[in-house]
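This briefing sets out the fold, the sheet and the nonpolar core of the protein shown below. The points are grouped by topic.

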Amino acid sequence: MPPLFPPGTDLPAHQPNCFGCGPRNQAGLHLRCHATKDGVAGRFMLEERHEGGPGLAHGGIVAAVLDDLLGFLLYHLGAPMVTARLEIDFRRPLPLEVEVDAVARIVSTEGRKVWTEGELRDSDGTVYAAARGLFVRVDPGHFARVSRNAANRIAMWQLAEGSEAGPGPVGP
């Protein structure tokens, strides 16, 4: 199956209000990724509002970045998926105001299960955190079954002008 997005293509947000990548979420991280031959990659910088220890990123924010990064791999599959397990190795504190490269790839798939891995590193190759994730592909109705608001939210996105999110059931 040819890739949904060829390498180098900027990937759309998962959905407009996604905390990790959604353009409408004012409190969000507004992460951006592009497709690579092996997975996805992006670059970001955390700010003072993401602080945990003095001058350092909060571990929960680092976890959110990795979860969203691995979630961008859905664009290699062409189907929505949700996080089932996320394991993170915090290798060293991530300073604020430093450009960080993020890379992720699919390790394997079996039925609906998708095993992934990714890492955050600086331009010198220093790894701040690495993650392994298990994601499960879901059908479009998954979100509506779990949240009473999902159907209304999806309808709102589809009525919005412009493309703020990915194709299919997770966006317009």
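In the protein, residues 24 or more positions apart account for 61% of the contacts with a separation of 6 or more. The model is predicted. Its 172 residues include 41% that are buried.

**Overall fold**
- The protein contains four helices and six strands.
- Along the sequence, these elements follow the pattern β-β-α-α-β-β-β-β-α-α.
- The accessible surface amounts to about 9200 Å², and carbon and sulfur atoms hold 51% of that area.

- Six strands form an open sheet in the order 1-2-4-5-6-3, with antiparallel pairing.
- Strand 1 and strand 3 (81–90) are the edge strands, each pairing on one side only.
- On average, neighbouring strands of this sheet are turned by 20° against each other, direction ignored.
- Strand 4 and strand 5 run antiparallel and are joined by nine bridges.
- Thr-109 has Val-114, in strand 5, as its bridge partner.

**Nonpolar core**
- The largest nonpolar core has 36 residues, of which Leu-11, Phe-44, Leu-46, Leu-69 and Leu-120 touch the most other members.
- Elements that each supply at least two residues of this core include strand 2 (39–44), helix 2 (74–77), strand 4 (100–110), strand 5 (113–121) and strand 6 (127–137).
- Helix 1 provides the largest share of this core, namely six residues.
- Leaving aside residues up to four places away in sequence, Leu-11 touches Phe-5, Cys-33, His-34, Ala-35, Val-40, Phe-72 and Tyr-75.

Methods:
Residues are numbered from 1 along each chain as its sequence is written. This is a predicted model: local features need pLDDT of at least 70, side-chain atom pairs count only at pLDDT 80 or more; totals for chains, interfaces and linings use all residues. Side-chain values use heavy atoms; hydrogens and water are left out. A nonpolar core is a set of buried Ala, Val, Leu, Ile, Met, Phe, Trp, Tyr and Cys residues joined through side-chain atoms within 4.5 Å. Buried means under 20% relative accessible area, exposed over 50%, partly exposed in between (1.4 Å probe, protein chains only). Contact means heavy atoms within 4.5 Å. Accessible areas come from the Shrake-Rupley method with a 1.4 Å probe; for residues, only the protein chains shown count as cover. Two strands pair if DSSP finds at least two bridges between them. Axes are lines fitted to C-alpha atoms, for helices over the stretch in contact, and angles run from 0 to 180 degrees between N-to-C directions.
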